[in-house]
Every structure is written in C-alpha cells, then in structure tokens.
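Please look over the sequence and the model below before reading on.

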Amino acid sequence: MSATIIDGKAYAAGLRGRVADAVAALAANGMVPGLAVVLVGEDPASHVYVKNKARQTVEVGMRSFEHRLPASVTETEVLDLVSRLNADPAVDGILVQLPLPLQIDTQKIIEAIDPAKDVDGFHPINAGRLMTGVRGFVSCTPLGCLLLIRSVQPNLAGLDAVVIGRSNIVGKPMAQLLVSQNCTVTIAHSKTRDLKDVCRRADILVAAVGRPEMVRGDWIKPGAIVIDVGINRIPNPDAGEGRTRLIGDVAYGEAAQVASAITPVPGGVGPMTIACLLRNTLEAACLRRGLPMPALDAAA
Ligand SMILES: NC(=O)C1=CN([C@@H]2O[C@H](COP(=O)(O)OP(=O)(O)OC[C@H]3O[C@@H](n4cnc5c(N)ncnc54)[C@H](OP(=O)(O)O)[C@@H]3O)[C@@H](O)[C@H]2O)C=CC1
Ligand SMILES: Nc1nc(=O)c2c([nH]1)NC[C@@H]1CN(c3ccc(C(=O)N[C@@H](CCC(=O)O)C(=O)O)cc3)C=[N+]21
C-alpha cells in the first residue's frame with residue numbers, strides 16, 4: 001500500500017483564501033482584524049517563522065503588528081506590552097512566540113493575555129473551555145491536525161487514536177479534540193512502556209515529540225492515518241556546508257508504505273498552524289464585534 005499524501009500546504013492555502021473572503025466582507029464595513037505578534041530574543045528560526053506569519057496576515061487582509069524585544073527584556077516589560085495590546089482596540093489577536101528567555105515566567109505571560117484575544121488558545125480559560133466542551137480558542141497546531149484528519153476521514157467515531165506527546169500546546173489539546181470527535185484516545189509520552197505496541201493499535205497516530213524519525217514503519221497499523229507534527233532541523237551536507245533541512249518525528253518513507261494517509265514534513269501540519277492562527281484571529285474579531293463567525297471548516 002502507498003499512502004495518500006495529505007497536502008497541508010494546499011489545505012492551508014484554501015483555508016487562508018476563505019479567511020481572506022471573510023476579512024474582505026468585514027473590511028467593507030470598516031472592520032479590519034488585527035494580529036499582534038510578540039517576539040523576544042534573536043532565535044533565527046523564530047524570526048523566519050514570525051516573518052512568515054506577518055506576511056500571511058497581511059495577505060489575508062488583516063493588520064499585522066510586530067513587537068520585537070531584546071533577549072534581555074524583563075518580565076515586567078513583557079507584561080506591560082501585553083496589557084497595552086489587551087487594551088488596544090485595533091488588536092483582535094495576541095501571540096507571544098514561545099519559547100521565552102529563562103528570566104521570564106512563560107505561564108505568567110500566557111495568563112496575562114486577555115482570553116478573548118488569546119488566538120493561540122494557550123490561556124487556561126481557553127484550555128479549560130476545550131476540556132469542558134465550551135466554545136473557545138483552540139490551539140492552532142492541534143486544530144490544524146484535526147482539519148487534516150477530517151479531510152481524509154470525516155467521521156472519527158469509535159476510532160482508536162494515539163497521540164505521542166503531552167505538551168499543553170500540542171499533545172494535550174490534540175487528545176482533547178480527538179475525544180470530542182468520539183475517538184478512544186491514548187496519550188503516550190517519554191515514560192510510556194512499549195510505545196511501539198501502543199502505536200500499533202492506532203487508527204489515527206499523531207506524533208508530536210521533537211525526535212527525528214522516531215516513529216518507524218513497523219509502529220504503524222496498516223491503513224492508519226499518520227499525522228507528523230514534528231519539526232526537526234537536521235544538517236543537510238548534500239545541499240552544502242552548514243545547510244539544514246526539516247524532517248518530522250515519523251520515518252516518512254517507511255510509514256507511507258503502511259499508512260492509508262500521511263502528512264509530509266515540510267508541507268503538512270506547519271502551514272496549517274499559521275492558517276488556523278488567522279482563522280482564530282478572524283473569530284476573535286467577529287466575537288469582539290458581536291458578529292457571527294462565518295463557516296470556514298468542518299471542525300468549526
Ligand atoms: N508543525 C507545527 O506547527 C508545530 C510543530 N511543533 C513541533 O512538534 C514537536 C513537539 O512540540 P511540543 O509539544 O512543543 O514539544 P515538547 O518538548 O513540549 O513535548 C514533547 C513531548 O514528547 C514526549 N517525548 C519526548 N521523548 C519521547 C520519547 N522518547 N518517547 C515518547 N514521548 C517522548 C515528551 O514526554 P514527557 O512529557 O514525558 O517529557 C513530551 O510530552 C516538536 O518537534 C516541535 O518543533 C510544535 C508546535 C507547532
Ligand atoms: N506562541 C506560539 N505559537 C505557536 O504556534 C508556535 C510558537 N509559539 N513557537 C514555535 C512553534 C512552532 N510553530 C510552527 C508553525 C509553522 C511552521 C511551518 O510553517 N512549517 C513549514 C516549514 C517552514 C520552514 O521551512 O522552516 C512546514 O512545515 O511546511 C513550523 C512551526 C508554531 N509555534
């Protein structure tokens with residue numbers, strides 16, 4: 001068997017197009033959604049990612065506000081910026097790029113963001129809403145994964161899902177979303193015993209670990225849907241000295257022989273994360289103005 005390749009890049013482009021149409025309708029009435037991104041420090045990968053986000057924000061017709069702070073910034077300065085953004089009527093969504101430097105208490109910053117502007121879905125209020133089945137902002141990466149899963153399998157009821165990883169931003173909300181779709185969900189992590197056997201039971205396998213090609217072909221149940229969240233940058237000497245390339249947490253070539261559908265890296269989950277961020281920002285803009293959210297995706 002050779003798996004269907006789930007084209008996240010194409011799905012994300014379609015979703016951004018639908019967001020752009022809705023933004024144009026708002027803008028025609030003088031309402032332009034705005035997304036503020038806060039970037040602390042000089043991490044080159046974060047800079048590239050924030051630049052991509054800003055470009056795509058503008059492409060869908062929204063305003064992009066970028067705030068770059070030096071790595072030496074104090075926690076109070078970041079908190080002050082967040083409270084200014086909370087109060088700014090031009091800002092509908094706030095994203096503070098993680099990770100933050102060690103002198104800053106990340107949880108404190110996340111909890112300072114107005115939950116109504118928390119388009120990352122990281123605030124405990126939004127995490128709690130997801131947990132209790134109340135509408136709120138859902139973390140962009142798991143939301144993107146769910147949209148990709150449902151693009152190949154609309155009804156997930158009764159399926160066995162395994163999520164490897166239990167971070168607050170990917171693993172846990174992913175598991176919660178799959179439960180809400182009536183999957184039977186197992187969350188695996190670094191202390192899980194017999195991980196390979198656990199994975200082999202999965203009709204849906206989501207890998208969000210950060211270990212290059214950890215999941216091998218023989219970990220996968222024949223016909224499973226495999227979602228690779230991992231973004232690992234490894235040296236690529238073939239492309240020249242000092243060059244790198246991205247690979248996922250799944251050994252793609254092996255897995256594609258066994259799975260029914262699989263996301264590539266790059267071009268899978270990554271582009272969906274940004275598209276879902278824009279989708280959430282549109283939702284924040286509609287909610288703040290008391291307008292209905294246009295239907296954009298199956299998981300809305
Ligand atoms: N495509 C995208 O848009 C995004 C991609 N990512 C990528 O996804 C990956 C995960 O990100 P994130 O959740 O933030 O990472 P974290 O480091 O926060 O979490 C990693 C999880 O993997 C688990 N883990 C580590 N080693 C093993 C192992 N040997 N076996 C089983 N489980 C293990 C950890 O377990 P424990 O809890 O026990 O330590 C932890 O729960 C990274 O590669 C990241 O770059 C992240 C965000 C967005
Ligand atoms: N507050 C916050 N929210 C986040 O959502 C957040 C964050 N902090 N910190 C970092 C991680 C990582 N993340 C990615 C998003 C898109 C791609 C992406 O677009 N990847 C492309 C490739 C890009 C490239 O070539 O480097 C792809 O997979 O095809 C990757 C990674 C969001 N994160």
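Residues 6-120 are 50% helix and 16% strand, and the end C-alpha atoms of this span lie 24 Å apart; helices (H or I, at least four residues) and strands (E, at least two) are DSSP runs, numbered from the N terminus. This is a predicted model, in which local features need pLDDT of at least 70 and side-chain atom pairs count only at pLDDT 80 or more, while totals for chains, interfaces and linings use all residues. Residues are numbered from 1 along each chain as its sequence is written, and chains are lettered from A and ligands numbered from 1 in the order in which they are written.

**Annotated spans**
- An unreviewed UniProt entry annotates residues 6-120 as "domain: Tetrahydrofolate dehydrogenase/cyclohydrolase catalytic"; UniProt positions are in the numbering used here, feature names are shortened, and annotations may be inferred rather than shown by experiment.
- The unreviewed entry also lists residues 139-286 as "domain: Tetrahydrofolate dehydrogenase/cyclohydrolase NAD(P)-binding", a stretch that is 36% helix and 19% strand, with end C-alpha atoms 18 Å apart.

**Domains**
- The protein is divided into domain 1 (30-114) and domain 2 (140-270), with bounds that come from an automatic or database domain assignment.
- The C-alpha centres of domain 1 and domain 2 are 28 Å apart.

**Around ligand 2**
- Ligand 2 lies between domain 1 and domain 2, because both give residues to its shell.
- There are 18 residues around ligand 2, of which Gln97, Leu98, Pro266, Gly270 and Thr273 come nearest (a residue is near a molecule if its C-beta atom, placed from the backbone, lies within 6 Å of it).
- At least two shell residues each come from helix H2 (44-59), strand S4 (93-96), helix H6 (140-152) and helix H10 (269-288), and H10 supplies the largest share, 4 residues.
- This shell holds 12 nonpolar, 5 polar and 1 charged residues, where Ala, Val, Leu, Ile, Met, Phe, Trp, Tyr, Cys and Pro count as nonpolar, Asp, Glu, Lys and Arg as charged, and the others, Gly among them, as polar.

**Around ligand 1**
- Among the 25 residues around ligand 1, the nearest are Ser167, His189, Ser190, Gly210 and Thr273.
- H10 gives the most to the shell around ligand 1, with 3 residues, and the shell as a whole divides into 10 nonpolar, 12 polar and 3 charged.

**Helices H1 and H10**
- Helix H1 (residues 8-28) packs with H10 at an angle of about 20°, their axes being 8 Å apart (axes are lines fitted to C-alpha atoms, for helices over the stretch in contact, and angles run from 0 to 180 degrees between N-to-C directions).
- H1 is therefore roughly parallel to H10, a description that covers angles under 35 degrees.

Notes. Angles under 35 degrees count as roughly parallel, over 145 as roughly antiparallel, 65 to 115 as roughly perpendicular and the rest as oblique.
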